[in-house]
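The structure comes first, then the notes.

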Amino acid sequence: MVETIRKDVFQLPPENPIAAGHYLLRTTVPDSSNHYLNQILIKDDVYSPKPNSQCITGVVRSSGLLGNISDGDIGVVNANGTLRVILSRNANHNTVLVTERCNNRCLFCSQPPKERDDDHLLVQAGLAIAAFQSDDIIGISGGEPLLYREKFLRFLDFVILHAPSTSLHILSNGRAFSDTGFASEIAKRCQDTSITFGIPLYSILGSNHDRLVGAHGAYRDTINGLINAGNLGIPIELRIIPTQQNYKDISTIVEFSSRCLSNIVQVSIMNLEPTGWAKNSWHNLYLSPSSYLDDLRNGIEAAIEASLPVCLFNFPLCHIPEDLWPYAVQSISDWKNYYPNECSQCQLKSKCPGYFTSSRGKFHHPPRRIEQCVNGT
Amino acid sequence: MRMLPFNFDRLDSGSIFLSNVAGFHSCLDQSEFDEFIESSATSNRTLNDLLQSKLFVSDNDNLDATQAALSSALAKKLLGELEFRPIFMIVPTLRCDHACNYCQVSRANAKASGYDLDPNAISIIVSTIKRLSPPPYKIEIQGGEPLLRMDLIKAIYDQAESQLQPGNFELVITTSLSLMDESILSWARNRAVYFSTSLDGQQEVHNANRILPSQDSYERLKHSVKRILEELGANRIATVTTVTRSLLEAPESIIEAHLELGINEMFVRPISPYGFANTKPSTEYSIAEYMTFYEKLFNTIIKHNQEGIPLVESSAAIHLKRVLIPGYSQYADLKSPSGLLLNCVLFNYDSKVYGSDETRMLQRVIGDIDFSCGEVNSLSLVKNDLYQKLISSSFNLVHPGCETCAYQPYCGSDPCQHISLMGEPVGDKSLSVFCHYHKNMFRFLLDRYYSHPPTRNILKDWCHG
Amino acid sequence: MEIRELQKSDYTEWVIRNTLYWLTPYSRWQLSDSSTHWIIQFESPSNDLFYELDKLLNDYTLRENVMEKTSTIREAITLNVLKSIQQRLEA
């Protein structure tokens, strides 16, 4: 098992089983109930009596779990007795999945969609965010969160009302914004709290975008959606994932965004993540950054020219030349982030995004020596 | 595939420059261009993809999205250029120690009276500036020769410091530097004060244009620039070069002058064709003659760069930025609608407020029309509907001659120049000096940019610098 | 003084008028027509003038070609611009 930066799944001890569901995890005995979620108390292994508190619905004795959570984290207990921490105060990013349904079929989808109706996830996500009461950003992902239209608006209303200091970063394909009426409803809510939408655009060649997202007509919706959303004042983080099919399009996507779109608050160029469907066609998709450096540079240059903030996500520093380091950010969520042994000597480790745990084995591109930065070379 | 609207122009190297309303551009060779016009596609697949990505052509499936993108880009561009982001100019005095034969600004004799700003007006001017726009503020002190009234400049700075807050503004003094002295230097040292000066060539050329009774304009300038560089640093001084007939023959002279002074950046432009700028026919020349001069100048500057002397010519940078950098509209003289009032508010010595340096000069020539927005005490940007008329008639998108021009998305509009020369704001572009100059600059610079990669890299640096 | 006659079947009025617009700096001109020809009278003919004339006729014919292929799209863009501006102003 590879050591991730933060462990997020725990097997619960078999005694005192906890019913499946979402819980607010406590390390101290609370003095009031949280009306969003039931609370469970996490204790170390040493025996101690169950506290006499109405607020606590169960106790878990696990020093492993206790050492990895903070008071007020949110966990989900499954029927098979595992607990997954979904919102953590120690995490570098927190993301909540609100649906597994999607109207795109991206060739490299990291969270392959399912067809079944799952609108209960939106309700649970709302409760979890409200119970968590963070003043930080929480990511909302799917599937396609906006597929539930009206229900998604209710979800936003709930979060705005019950977790007013929480900011949201919502990953969407933007197609729903091609409906101007719906886009206006979202725009209204953007006035009430800090919401940014992360929307991917893979090419300005419609057929190329459609092929990569596996849906005919997606480009049209996404372009109309991006135009509407930007014009209405919805903040957009534009996301580009270079693959063998679209690495040449990076700078034209950036120029298009700067000339035709408004309210682009950031352009993120993201190294492909070897999970989900990306693994199936990895060899037809993935391209080592070293083979498209000029395209990458031109894209970054186009963004800088247009005063668009630009970031490189998920690029280990030793895979890109030094002039691009200032744009690389530590972007991989800690529960799926690791550094191979080779990295232990690297002086840049603390600044480096590192690797996806999923990039082990045949998907792994080993760290390379950065001459001036490695001890003892 | 469906062709989308675009304009084109032929560059000297034989390439054809294409642009569209969204501001995208591309260069094709003759055969690619012929193929494209004929069948909306070339035989080069990579080029076709590029033309599609830049919205010169669309696949039929996505035509509505592409149209929406072009509309959105045009809307974004128009709203961007309509933004009110003025530089504030203040004229403390119209008096000047120089008596240049082509003075661009009307001037008064150094000893004359009645041409100075009332000190009591300064506080109202600065509060008006504060009221008109949010920080940061750029305040340009114009003349006459403003250093004749250093006391007023200091008062303006002090008012700005108290009303606008330090760090929120900078003061640019436009001066011949003939009256520069050590006390001004030490005053400027810890203040956000910058100097802009005219440099017309080396000693002989400069002194022939910039006429002081003592005939030593250049020597004084040289000494002052040296002191500014020593005491304040290179970022505190900028030059403007107005090309006169005597310089036309000797482009190297202006480069030598800058090198002699230790300044790497120059800003070279043709003499203003306004009726009041060139009173004698001897100073006149055609834009064709100017471009011959400019080409020589440009080539020499590029040669210096290749030899390691990083000279920059800002007119070139401005023209290229308009093409290459989406949303670049910071230069008031090259945008459409015109930068009149939107990008400049001028407070004249007589308390009148104008929408540009040129309008206050037009006022001196054409006395029977009121070009002002009233006095600073009773300022109204809408009371004088002249500005509304001028601005609304300065959208080059719909001007005859511009609507089929490939440089229209990047070019500007100068209703005042057209009024001064043709009596109406739109102008016949076939006779317009504004059109000739800018069209030829775009044509020349883009040709160099695309036909000569080493030059392109230098030009890129100028645009990003 | 020199007269050029151009066949109406070769050039539309749009091409002729746009071409003549840019010839003013070279020579004064006067346009008249017969049922089959455009008749242009140039006051000060020169090589430069006729070089420019031919170039402009050619380029404006190409431009007309592009205009014809794109005229409906051109109109759609103009209409959408107002919609787009409105949307931004309301945001």
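Over all chains, a search of the whole structure finds 31 aromatic pairs. Rings of Phe, Tyr and Trp (its six-membered ring) pair if their centres lie within 6.5 Å; planes under 30 degrees apart count as stacked, over 60 as edge-to-face and the rest as tilted. This is a predicted model, in which local features need pLDDT of at least 70 and side-chain atom pairs count only at pLDDT 80 or more, while totals for chains, interfaces and linings use all residues. Residues are numbered from 1 along each chain as its sequence is written, chains are lettered from A in the order in which they are written, and side-chain values use heavy atoms, without hydrogens and water.

**A tilted pair**
- Tyr115(B) and Tyr349(B) form a tilted pair, 5.9 Å centre to centre with 50° between the planes.
- Tyr115(B) lies in the loop between β8 (108-109) and α4 (121-132) of chain B and Tyr349(B) in the loop between β16 (344-347) and β17 (353-354) of chain B, so the pair ties together parts 234 residues apart in sequence. Helices (H or I, at least four residues) and strands (E, at least two) are DSSP runs, numbered from the N terminus.
- Tyr349(B) is buried, at 12% relative accessible area, whereas Tyr115(B) is partly exposed, at 26%. Buried means under 20%, exposed over 50%, partly exposed in between (1.4 Å probe, protein chains only).

**An edge-to-face pair**
- The ring centres of Tyr157(B) and Trp187(B) are 5.6 Å apart and their planes are at 80°, so this pair is edge-to-face.
- Both Tyr157(B) and Trp187(B) are buried.
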